[in-house]
Each structure stands twice: as C-alpha cells, then as structure tokens.
Amino acid sequence: MDENKKYIQNVKIDDVPWDRLSTAYGMAAKIPGYLNDIWNMKNMGTVKTALSFIEENIEHQATLWHSTPFAMIFLTRIFDHMAPLAEQNKIAGYIAHELLDFFIMIVESCNFYSDIGESEKIPFKHLPLFSDMLDEQYLYPEDEENEDEFWDMYNDFPDEFLDSFYFYSLFTLQYYKDISVSNFPSFMEPEITKLKSLL
C-alpha cells in the first residue's frame, strides 16, 4: 500500500499535535474534542456546534491551513461511518449531508489554489509524505513566547510545505473518485456525483 494511504488509514487522533497546527483563528487544540462530538452524535445541537467550529477553522475564503489535511482524515472517517446510517438516523443524515457539501467546498478550494498557481506559472509542489508536515520545523513552538517569531516564519516556509495543505487535503478525498454512487443513500446522489466530477 502507498505510504501516504497507509498513514491516512492508520493515524490516530492522538498522534496529531493539534495544539501546534494552525487554523484560520489560531491553533487547532479544540478540533479533536469537536471531532469526537460529531462521532458520538449526542444531540443535534452539539453536532451542529462541532461541525460549524471545524468547518470555519480549517477553511476560510478558500484558504486551507496546516490543520486542514489532518482534520480531513477524520472527517472522511466520520462520513464513511455516518453514510450507511443516514436514512435511519436524523443526526447521521445531517452529518453526512453537511460533510458532503464541505468536501465539495474543499475540492473547489484546492482546484482554485492550483488554478492560481498555473495562471502565474508557479509550479505546484508538495512534501513527499503526508507525515512530513509534522516535522518539528513546521510546528508551532511549544514555548508560546515564540508566537510572533513563528508567524513571521510562517510566511517564509517553503512552497512545498504550504502547497501540501491543499495537495493532501485533496488526497484524502481521492478515495471517493472511484466509488459507485450506488454505494450511498439515494438522497446523496447529487452531491456524490458533483464531488466525483470535481476530483
């Protein structure tokens, strides 16, 4: 199995240093808790809050962040768990529908980013391995006194690191390109069809 696919399949939520990964509004320390809230489906209000927080933090105006590809690993797992339950469970149906729409937005953001690079003749690069994004040099420093220094450095990180936010977020969704629409509940067909067409 491809090493990146193996990583996506096997990485655990606690393996990711969320508090050292950027979002649109700071670090991603709260994301694991919200991912668990979605999976547990305690009630609709809790699920809506969790989905809203994650979606707003890992994508903003077509910009993706260091935490985005890692969150996408677990969001796709959640979707795969919820889709078979969607017709019998209202909360599962809501989660599956919301995530499908969000996946489409992620793909559109990645395609937009790639198109900008092509128009400006900037080659699209990425780190060789998904896990390379967790190299110490790319992580938010554990010493918070270095916060300003880190954000200054962030703008100077190599293109292949920043491009990897998009490449590997998209990579987590490539699995759906070859799955038949018939594998999903019929009410999901329009969104599944659109997602597949964009991949």
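**Exercise 1: Aromatic pairs**

The count of aromatic pairs comes to 18, where rings of Phe, Tyr and Trp (its six-membered ring) pair if their centres lie within 6.5 Å, and planes under 30 degrees apart count as stacked, over 60 as edge-to-face and the rest as tilted. This is a predicted model, in which local features need pLDDT of at least 70 and side-chain atom pairs count only at pLDDT 80 or more, while totals for chains, interfaces and linings use all residues. Residues are numbered from 1 along each chain as its sequence is written, and side-chain values use heavy atoms, with hydrogens and water left out.

Task: classify the pair formed by Y138 and F161, then the pair formed by F167 and Y168.

Solution. 
- Step 1. The centres of Y138 and F161 lie 4.1 Å apart with 5° between the planes, and the pair is stacked.
- Step 2. Now place the two partners: Y138 is in the loop between helix 5 and helix 6, F161 is in helix 7, and 23 residues separate them. Helices (H or I, at least four residues) and strands (E, at least two) are DSSP runs, numbered from the N terminus.
- Step 3. Both Y138 and F161 are buried, a word that means under 20% relative accessible area, with exposed over 50% and partly exposed in between (1.4 Å probe, protein chains only).
- Step 4. For F167 and Y168, the ring centres are 4.8 Å apart and the planes stand at 90°, so this pair is edge-to-face.
- Step 5. F167 is partly exposed at 25% relative accessible area, whereas Y168 is buried at 0%.

**Exercise 2: Around F130**

Task: find out where F130 lies and which residues F130 is in contact with.

Solution. 
- Step 1. Look in the loop between helix 5 (90-119) and helix 6 (147-154), where F130 lies.
- Step 2. F130 has a relative accessibility of 0% and counts as buried.
- Step 3. Leaving aside neighbours within four places in sequence, F130 is in contact with N4, Y7, I8, P69, F70, I73, Y168 and T172; contact means heavy atoms within 4.5 Å.

**Exercise 3: Two helix pairs**

Task: describe how helix 4 packs with helix 7 and with helix 2. Two packed helices are described by the angle between their axes and the distance between the axes.

Solution. 
- Step 1. The axes of helix 4 (residues 68-82) and helix 7 come within 8 Å and cross at roughly 10°. Axes are lines fitted to C-alpha atoms, for helices over the stretch in contact, and angles run from 0 to 180 degrees between N-to-C directions.
- Step 2. Helix 4 and helix 7 are therefore roughly parallel, since angles under 35 degrees count as roughly parallel, over 145 as roughly antiparallel, 65 to 115 as roughly perpendicular and the rest as oblique.
- Step 3. On the helix 4 side T68, P69 and M72 take part, and they meet F165, Y168 and S169 of helix 7.
- Step 4. Helix 2 and helix 4 have axes 10 Å apart at an angle of about 5°, which makes helix 2 roughly parallel to helix 4.
- Step 5. L35, I38 and W39 of helix 2 make this contact with F74, L75, R77, I78, H81 and M82 of helix 4.

**Exercise 4: The core**

Task: which residues have the most contacts inside the largest nonpolar core?

Solution. 
- Step 1. The core has 63 residues, and those with the most contacts inside it are W18, L75, F79, I95 and F103. A nonpolar core is a set of buried Ala, Val, Leu, Ile, Met, Phe, Trp, Tyr and Cys residues joined through side-chain atoms within 4.5 Å.
- Step 2. Helix 5 gives the largest share, twelve residues.
- Step 3. Beyond four places in sequence, L75 touches L35, I54, I58, L99, F102 and F103.

**Exercise 5: A positive phi**

Task: is M41 buried or exposed?

Solution. 
- Step 1. M41 sits in the loop between helix 2 (31-40) and helix 3 (44-58).
- Step 2. M41 has a positive phi of about 50° although it is not a glycine.
- Step 3. With a relative accessible area of 18%, M41 is buried.
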